[in-house]
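Work through the exercises below with the sequence and the 3D structure at hand. Try each task before reading its solution.

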Amino acid sequence: MDWKNQLTKTPYLVLFIILGAVGVTTAYGLITITLAGDVIIEGDTQMERNLNVEGVITGQTLKDLESELNALKDAALFKDLVVGNNQDADVSILLGIGGGTFVVKPDVPAGNNLDAYVGDFNNDFKLDVVTTNNDNDDVSIFLGNGDGTFTAKPNVPVGSAVDLAIGDLNNDFKLDVVTANNLDNDISVLLGNGDGTFTTMPDVPLGSRVFSVAIGDLNNDNKLDVVVLKPNDDDLSILLGNGDGTFTENPDVLVGDDPYDLAIGDLNNDNKLDIVVTNSGDNDISVLLGNGDGTFTSQTDVPVGASPRNIAIGDLNNDFKLDVVVANAGDGDISVLLGNGDGTFTTMPDVPVGNNPIPVAIGDLDNDNIPDVVVGNFDDATLSVLLGNGDGTFTAKPDVLVGNNPRSVNIGHVG
Ligand SMILES: [Ca+2]
Ligand SMILES: [Ca+2]
Ligand SMILES: [Ca+2]
Ligand SMILES: [Ca+2]
């Protein structure tokens, strides 16, 4: 059958259900076949993954159609990497082609002493990139074109940003940004206008050097809250969102010595968000179980390796209990802590990576429903790519070359 001749008479809309391809979440892809024979696959907006690919169908039979759709689907499902190269003042874009391997796109130049993060700021289902330009006191915004290239928007002034977090603070379905301004002792709050521009809210002073920031709804009022790590005070500021880009400050929460990074997730499955923090002076992590009101109950600290840096949360062994990965800069390895579901962890053997690992990210790179881990080796200008075996152990792929001093790694679809 020549289906394209049929399509010239009737536009087709096909609901295409992709089952079992996205871990715990089922993905629904909507495929639109245009009169010209173009195929557009769009991801459901509620999906965790950003499935979005366009292609042209050339076959003449239904069998051709099926195989070409599957090829498009597979291409869409391999995730990409976005890496902030701190020393090079640019961003590496690596498009996933399966098996934990990547095709390198041109670097995206941004500001000095940067970190890079991803989010969809203009709601076109294509991931965008935002960078903290620490030496320039601003952030760069790059709207994704959906093919691993980007269109720059005007930079937005903030403070001496060293970290940022992304979320919809005012519930208008447009992503907002919070930056931790290290030397300014405050955070900047940028409300997204939905087109890659932002409306700047008043800075929130926190009275001490800030170094890391994360967003989550800590008190379950459907207004996102902000946690800011203050290394000189060895504590966290807890800012409960008012739903309009302003905040009400809860009492600070003490952690360990010289905290470096934090992550938010529900470790004990009580629907109250919890926090984990790396304490670089103690070689351990603090585990803070949320009480659901913006206060926390501190658990026994969990030992990790030397000089722990960034920390990431994910379910590495698919038992619906969140696990933790920590980059140990002093050891050149990562700690893997499998969650027991109650805020305690079972420590797996350390996994060797490169020199001075700092950033770490968790995501499924090879489409086997098992989370994988990517680590940036700051001193090597490489990434370690560790494909998950599903039990908290990993199979290492060859290192991937990036720019100098990778200090942030993101997993998602940019192409
Ligand atoms: Ca918003
Ligand atoms: Ca809240
Ligand atoms: Ca919890
Ligand atoms: Ca788990």
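**Exercise 1.** Decide whether Val325 is buried or exposed in this predicted model.

*Solution.* Start with the cut-offs: a residue is buried if 20 or more other C-beta atoms lie within 10 Å of its own, exposed if 12 or fewer, and partly exposed in between, with C-beta atoms placed from the backbone. Val325 counts as buried because it has 27 C-beta neighbours inside 10 Å. Strands (E, at least two residues) and helices (H or I, at least four) are DSSP runs, numbered from the N terminus. Then list the contacts, meaning pairs whose backbone-placed C-beta atoms lie within 7 Å. Setting aside residues up to four places away in sequence, Val325 touches Ala312, Ile334, Val336, Val360, Ile362 and Val373. Finally, Ser335 is 10 residues from Val325 along the chain, and their C-alpha atoms are 5.7 Å apart.

Residues are numbered from 1 along each chain as its sequence is written, while chains are lettered from A and ligands numbered from 1 in the order in which they are written. In this predicted model, local features need pLDDT of at least 70 and side-chain atom pairs count only at pLDDT 80 or more, whereas totals for chains, interfaces and linings use all residues.

**Exercise 2.** Find the order of the strands in the open sheet that includes E17, and its edges.

*Solution.* The order is E17-E18-E19-E20, with antiparallel pairing; two strands pair if DSSP finds at least two bridges between them. The edges are E17 (212–216) and E20 (247–254), each pairing on one side only. Strand E19 (residues 235–241) is joined to E20 by 6 bridges. Within this pair, Ile238 has Asn250 of E20 as its bridge partner.

**Exercise 3.** Which residues have the most contacts inside the largest nonpolar core?

*Solution.* A nonpolar core is a set of buried Ala, Val, Leu, Ile, Met, Phe, Trp, Tyr and Cys residues joined through C-beta atoms within 7 Å. The largest one has 100 residues, and Leu164, Val213, Val227, Val228, Leu262 and Val276 have the most contacts inside it. Beyond four places in sequence, the contacts of Leu164 include Tyr117, Val130, Val177 and Val213.

**Exercise 4.** Where does pLDDT, the predictor's confidence in each residue from 0 to 100, stay under 50?

*Solution.* The protein's mean pLDDT is 88, and 82% of its residues reach 70 or more. Stretches under 50 include residues 3–29 and residues 43–53. Where pLDDT is low, the predicted coordinates should not be read in detail.

Key: Contact = placed C-beta atoms within 7 Å.
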